[in-house]
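Hello,

I'm handing over the structure we talked about, and my notes on what turned up in it follow below. Please open it alongside this email and read the two together.

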Amino acid sequence: MEGAWPKDINPRDLEQTVRFKKKIEKEENYVNSLVHLGYVMDHCIRQNNTIDIYQEHFKEDEIEKVPEFPTAKTMSVFRDPNQVKRTITGLSWHPDGGRKLAAAYCSLDFQKSPPDMSFDSYIWDLEKPNYPEMALKPESPLVCLDYNPKDPHTLLGGSYGGQIVLWDTRRGSQPVEYSSLEHTHRDPVYKIIWLQSKTGTDAFSASTDGQILWWDVRKLSEPTERLVLDPSREGNLDQALGAISLEFEPTMPTKFMVGTEQGMVVSCNRKAKTPAEKIVCTYEGHHGPIYAIQRNPFFPKNFLTVGDWTARIWSEDIKESSIMWTKYQMSYLMDACWSPVRPSVFLTVKMEGVLDIWDLLFKQSEPTLSVKVSDKALYSLRIQDNGQVLACGSHSGEATLLHISSALSTLQKNEKSLMAAMFERETKREKILEARQREIRLKERSRSEQSREDEAWREDGDEDPEQILAKVESDFYSMVEVEMRKRERERRAAAPQEEEACDENEVKNEEEDEVKKEEEEVEKEDEVKKEEDEVKKEEDEVKKEEDEVKKEEDEVKKEEDEVKKEEDEVKKEEDEVKKEEDEVKNEEDEVKNEAENDEKNEEEDGETE
């Protein structure tokens, strides 16, 4: 409907509207109003042309960003819908943007699960936290699960009974396929990970039965490959280490790492020729099971482990000890992961129900942020690829979603180079300490050998008189034999020249043997000297580093002394200024007193008059 039409005119009738327009155009006010509007329009157009309303006047001036404090806010909580609450033992984000979260529910208390406990695990939609979007119904509770990064409709789970279970969410809640009982794990499957392959159907799993099994989900009847975690490399399943965590980095497709119940990390190479060569090396440092292991996404040579009461950062080059570690916490650490967007940030969850976020560039002795997520113990942790949203699974079956502030989820300036320098520095430090330990061991060995020789000499000195007499007799008879040989040589000297030549050859051979023995002894002494020289060189390097540290400390002390001197001078000047102010006040008080006295005297004189 058009506006401004009179009531008696129908705007939909063309004849009436045309007549009304002609009538208006003939009026004088119409022309005058148009002329007036023309002036207004011309003014507005010129004004718009003189000023560019889209111009940015302060584009070059940088706005100072106020540093944001590290925070974590709770977004939502997904609760187990069953009456009997179970622990969330595994989490996995949907690969397409993290819109969904899959959670594995299982009671890990041995032989304490109630008979009416549900075996279901759930897939949650972030926008619908009140009830799960889909239930996964296995025959045995799931301990872990993982979305296929190439196919978001397929999920692979590891069950408490040791079987591998495959789901296709398009086909409903029931599993598509199980691994056969004859060729699967004998203990709960604690970790399963998809591998990068052309088909996108390969995965491998770890269990406390001491086996690592590789699978092709197109044929789960038997594993494609098997590895027994026997540290003696004999393939004996009775001596195998129980696997409880796995690590696989797509940029290193042949390497993988296993965390064991015994607190040992086993580094393996899948493409080795023999099963014994597949176990490359081991790292020892934890007093209990290693619940999580993960390589740094920016520096794959450095990896994070969590076990007992500490989190440790390792370097592949150093096997005897970790290069960095947290102090011992008051409760067990159950899971950990690196931030996918910041190389210096990692996260841990504890039995206290606390989430700790560590920023190594900000603090190394304590977490940058600690959040009390739940009153129950936290068992699992998973962060999205954007580094902003994470999920924590608790003992009571609650999955808590938290949003991390940009201070902990945005890459800082020069962060990569600073972390590279930090890791390199700590690695060098540990190498120096390892060399020092080797030197101490060599010295201890030499001392033990000397002590053994001294004990043997003492035992020889404490012999009985009969043994001494027997030795004297043997020495006497040996001397007699030597004299007899000399006489025989003299007799042969009178024989033909051939016999002389034979005797000379025998003497030469004996002399050559003696010379060889002396040379071997000299070589042994040279080797010992070389080892001592190497040890001295290492000691000199350590001393040089200690001297440099002392120099830096002396410089810091000098600077502190200078600052103290300046502070003392400032204090002296302040004291002088205070003295002067006190003197001025005293003079002013005296002047006031004199003036008051004069006024009183004048008043008294006036009264007397």
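In general, an α-helix has 3.6 residues a turn, so residues three or four places apart point the same way. Glutamate 424 counts as partly exposed, at 46% relative accessibility. Please keep in mind as you read on that this is a predicted model.

How many salt bridges does a search of the whole structure find? The count is 27. Another one of them joins the side chains of aspartate 120 and lysine 137, at 2.9 Å from N to O. Aspartate 120 sits in the loop between strand S3 (100-106) and strand S4 (121-125), while lysine 137 sits in the loop between strand S5 (134-136) and strand S6 (142-147), so this pair ties together parts that are 17 residues apart in sequence. Which of the two partners is buried? That is aspartate 120, with a relative accessible area of 14%, whereas lysine 137 counts as partly exposed at 33% relative accessibility.

A further salt bridge is formed by glutamate 316 and lysine 255, whose closest N and O atoms are 4.0 Å apart. This pair links distant parts of the chain, 61 residues apart: glutamate 316 is in the loop between strand S20 (310-315) and strand S21 (324-325), and lysine 255 is in strand S15 (residues 255-260). Glutamate 316 counts as buried, at 12% relative accessibility, and lysine 255 as partly exposed, at 36%.

**Cysteines**

How many disulfides does the structure hold? It holds zero. Cysteine 106, for instance, is in no disulfide, and the nearest cysteine sulfur, that of cysteine 144, is 9.8 Å away. Cysteine 106 is buried, with a relative accessible area of 1%.

Helix H1 (residues 14-25) has twelve residues. From its first C-alpha to its last it reaches 17 Å, close to the 16 Å expected at 1.5 Å a residue. At the start of H1, a side-chain oxygen of aspartate 13 comes within 3.4 Å of the backbone nitrogen of glutamate 15.

Moving along to helix H2 (residues 28-50), you will find valine 35 there. Valine 35 counts as partly exposed, at 45% relative accessibility. It is one of the residues that make a nonpolar surface patch of about 580 Å², together with Tyr30, Val31, Leu34, Leu37 and Tyr39.

Helix H6 (residues 465-494) contains phenylalanine 476. Is phenylalanine 476 buried or exposed? It is exposed, with a relative accessible area of 53%.

**Two positive phi values**

Aspartate 308 has a phi near 45°, a positive value in a residue other than glycine. It lies in the loop between strand S19 (302-307) and S20, and it is buried, with a relative accessible area of 1%.

Asparagine 414, also not a glycine, has a positive phi near 60°. At 48% relative accessibility, asparagine 414 counts as partly exposed.

Technical notes: Residues are numbered from 1 along each chain as its sequence is written. This is a predicted model: local features need pLDDT of at least 70, side-chain atom pairs count only at pLDDT 80 or more; totals for chains, interfaces and linings use all residues. Side-chain values use heavy atoms; hydrogens and water are left out. Patches are made of residues with over 30% relative accessible area and no salt bridge: like charges are joined within 9 Å, nonpolar side chains (Val, Leu, Ile, Met, Phe, Trp, Tyr) within 5 Å. Accessible areas come from the Shrake-Rupley method with a 1.4 Å probe; for residues, only the protein chains shown count as cover. Helices (H or I, at least four residues) and strands (E, at least two) are DSSP runs, numbered from the N terminus. Buried means under 20% relative accessible area, exposed over 50%, partly exposed in between (1.4 Å probe, protein chains only). A disulfide is a pair of cysteine sulfur atoms within 2.5 Å. The expected span of a helix is 1.5 Å times one less than its number of residues. A polar contact is a pair of N or O atoms within 3.5 Å; within protein, one must be able to donate a hydrogen and the other to accept it, and residues adjacent in sequence count only if both atoms are side-chain atoms.
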